[in-house]
Amino acid sequence: MDCAISRKKDSGAIFHMPIVSSDMFLGSILRTIEVKEGNSTKMLEKYHTDLSLVLMDDSTAQDLVCNACIRPINSPPYYTCGAHSQCNFLLHKFCVDLPLSIQDFLYTSVTKNLISPRLDEFFSLFRCCSCKKYCNGFGYVFGGSDSIFVDDVECSFAPRVIKHDSHKHHPLILTDTSSGIESWKSCCGKSCFYGYCCGLCNFTIHIDCARLPKTVAHKFDKHPLTLTFASSNSTDIDDICEFCEEDIDSKYWFYHCAQCDQSFHVKCIPSQGEFSKIKFGGSVKVPCHEDHPLTLARMMNLGSQRCGYCHEIIKGFKDGMALHCQDCDFWIHFYCGYRSCHGNISPPYKVYTL
Ligand SMILES: [Zn+2]
Ligand SMILES: [Zn+2]
Ligand SMILES: [Zn+2]
Ligand SMILES: [Zn+2]
Ligand SMILES: [Zn+2]
Ligand SMILES: [Zn+2]
Ligand SMILES: [Zn+2]
Ligand SMILES: [Zn+2]
């Protein structure tokens, strides 16, 4: 993402989606807001009392993920923690200067305040109110700092009006759709309170589905995969996902390679899946494995393992999370890690039993 993009006020813009490169998305969107005074550096004091950020210009570094917006950092410069070389705390240049408060994208009289990751939560997870994805980045909260009404950084800067290739003839307007469940079937069938709607056609897509890039890469196909919209006259009812080998319901969107005639669920694309807003890594100590800290791992690219806590299988090659000790090759379910720490108290988020 190009964080050096100018931030001039441009709130009347209509964004044409899907965009060709997902990396540009947040950069483009951020042009729609006026940056207010202040920056997020003071939010970081929770991490390190001796916090110092260093501007890096290393173009050879790979797989860098910003701790604020959880988007890849594809080009320098970026900031990293100057005090602890192993902590992998990274920020886009833009994300260092996130405004301390913004207006809600829908209810503009509502002000939301920037919060840094919730270190009091297990792996700092919160659930974004707008896209319903779990996230351990920064967010904007409505209400007190322990409120559950948090949007992740990307959703906080969602544009009001977009043009989308899935509905070319009318603009789509960001709308509170909590009363109109009927219109949820266009992109993926999930329920959600917000969406981009065409009032004329009763057509709605989710805020995160609107952001799906036009093309994505997947290691199972050497070509770029193209986002394919559902077509009402499609006779090709079902396809099989090349990754998970489960059916693809072609009334919802999916990714396709025409050369190889291969299809993939959106949820099976790592950069777009259910856990794509979580920065993996990090570590916690849990009582059931006291010797070493456990690291948060994504099971999408890993084989199945047996949980050292409940002894059930942790399924690999699915978008799930688990905790891992590399020294001992010890694995536990994410939820079992939580239970080991908290007994039988229910976690404040969805229970991951994969
Ligand atoms: Zn960022
Ligand atoms: Zn979100
Ligand atoms: Zn959707
Ligand atoms: Zn329409
Ligand atoms: Zn799949
Ligand atoms: Zn291909
Ligand atoms: Zn378990
Ligand atoms: Zn260990």
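A: **Hairpin and helix**

Strand β25 (residues 321-325) pairs with strand β26 (residues 330-333) in the antiparallel sense, over 4 bridges. Pairing requires at least two DSSP bridges between the strands. Helices (H or I, at least four residues) and strands (E, at least two) are DSSP runs, numbered from the N terminus. This is a predicted model: local features need pLDDT of at least 70, side-chain atom pairs count only at pLDDT 80 or more, and totals for chains, interfaces and linings use all residues. Residues are numbered from 1 along each chain as its sequence is written, while chains are lettered from A and ligands numbered from 1 in the order in which they are written.

Within the pair, L323 stands opposite I332 of β26. The two strands form a hairpin with 4 residues between them. D329, in the turn, has a positive phi of about 50 degrees.

Now the helix. In α5, 7 of the 9 residues are buried, so the helix is largely enclosed by the rest of the structure. Buried means 20 or more other C-beta atoms within 10 Å of the residue's own, exposed 12 or fewer, partly exposed in between, with C-beta atoms placed from the backbone. The buried residues are F334, Y335, C336, G337, Y338, R339 and S340. They pack against β21 (281-286), β22 (289-298), β25 and β26. G343 follows α5, with a positive phi near 65 degrees.

The largest nonpolar core has 77 residues. Such a core is a set of buried Ala, Val, Leu, Ile, Met, Phe, Trp, Tyr and Cys residues joined through C-beta atoms within 7 Å. Helix α5 (residues 334-342) gives the most to this core, with 4 residues.

Technical notes: Contact = placed C-beta atoms within 7 Å.
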